[in-house]
Amino acid sequence: MLVDIITVVFDQEVYLLEWQAKSIQKFLDPDEINEIILVDNGSQKCEPDLDWYGALKNKVRIINHSHLGLKVMPHLDGWRTQQLCKILAAARSKCEYSLILDAKTLFAKDIRIHNFFYNNRPAVGTIPTSDHWKDSKEYLEKYFAIEIKDVIGPGGVPYFFHTETINEMIKHIQDFNTWFQDNLYEQTYPHRTKVTEFMLYSAFVLHKHGQYDSLYSTKKTISPFNVADWEAEKFENIFTTDAHTISVAEKTKNFLTQEQLSRWEAFLNDKYN
């Protein structure tokens, strides 16, 4: 199974790509990677050291978000525009599926991407919709005339987009770029988030197929361990987890002690250097 790996990155997180690159080298099979696509969503030129990628550096391609046809609306922050970058970059993939990462996503154990597939479909399972995205769920149910009980797993990144379906979604929604940005964050009160990249994609798959299992297996073979800023209390578990990928959000580090930060740095050096 050949995939493109797509990572959206902005100025302050370019340094994280060194760890991600080393994790790709160490734990992935290079013969399963078509391209490593880095989407620059920052205000300055993204210039990672391609030597971080070792023998894979010839597979690395850097794209500025403006080259994806993205004209950013001034009311949107980087967290929101990076969602659109993921969609637009995945639409350009030459593979059947692309694997979406954040800059902070690190592979943590030996992985063969084909083992994440069952009957040629990503085996990512589904997860219940969260009350946190209630506005998005209700809006998309009305927009597509569907019921959303759960969404495509595993819950955030790493995430598999089906290239043909992504392109169909973009074509289905008139003036997609503007529509998506308008609904990412309403400019008027109460400033609801009516779409996110993964909620929208799940909704469109349901709209088109009526279920997920035509493109995705309900089996789950991939397990991420992500520590968001509101989950800092689970940080210590990252050192013992058996997850396939690990990540620590930059904001999470504001809630960690200096001892924890030093331990994290030592962990990264020991695992990836």
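## Helix H1 across the sheet

Helix H1 (residues 16-27) lies across strand S1 (3-9), S2 and strand S4 (97-102), and runs at about 165° to S1. Helices (H or I, at least four residues) and strands (E, at least two) are DSSP runs, numbered from the N terminus, while axes are lines fitted to C-alpha atoms, for helices over the stretch in contact, with angles running from 0 to 180 degrees between N-to-C directions. This is a predicted model, in which local features need pLDDT of at least 70 and side-chain atom pairs count only at pLDDT 80 or more, whereas totals for chains, interfaces and linings use all residues. Residues are numbered from 1 along each chain as its sequence is written, and side-chain values use heavy atoms, with hydrogens and water left out.

Among the buried residues are Leu17, Trp19, Ile24 and Phe27. The buried residues of H1 pack against S1, S2, S4, strand S5 (106-107) and helix H7 (258-272), where contact means heavy atoms within 4.5 Å.

## The five-stranded sheet

An open sheet is formed by five strands in the order S3-S2-S1-S4-S10, with mixed pairing (two strands pair if DSSP finds at least two bridges between them). Because strand S3 (60-64) and strand S10 (159-162) stand at the edges with a single partner strand each, one side of each is left without a neighbour in the sheet. From one strand to the next, the twist averages 25°.

Strand S2 (residues 33-40) and S3 run parallel and are joined by five bridges; Asp40 has Asn64, in S3, as its bridge partner.

## Salt bridges

The model holds 13 salt bridges, each defined by a side-chain nitrogen of Lys or Arg within 4 Å of a carboxyl oxygen of Asp or Glu. One of them joins the side chains of Glu18 and Lys22 (3.0 Å, N to O), which both lie in helix H1, four residues apart, or about one turn of the helix. An α-helix has 3.6 residues a turn, so residues three or four places apart point the same way. Glu18 is partly exposed, with a relative accessible area of 24%, whereas Lys22, at 18%, counts as buried.

Two further salt bridges join separate elements. Glu35 pairs with Arg61, with the closest N and O atoms 3.0 Å apart; since Glu35 lies in strand S2 and Arg61 in strand S3, the pair ties together parts that are 26 residues apart in sequence. Glu35 is partly exposed at 22% relative accessible area, and Arg61 is partly exposed at 30%. Lys86 and Glu197 form a salt bridge with the closest N and O atoms 3.1 Å apart; because Lys86 lies in helix H2 (residues 78-90) and Glu197 in helix H6 (residues 197-209), this pair ties together parts that are 111 residues apart in sequence. Both Lys86 and Glu197 are buried, and salt bridges that share partners join Lys86, Asp102, Lys104 and Glu197 into one network.

Conventions
Buried means under 20% relative accessible area, exposed over 50%, partly exposed in between (1.4 Å probe, protein chains only).
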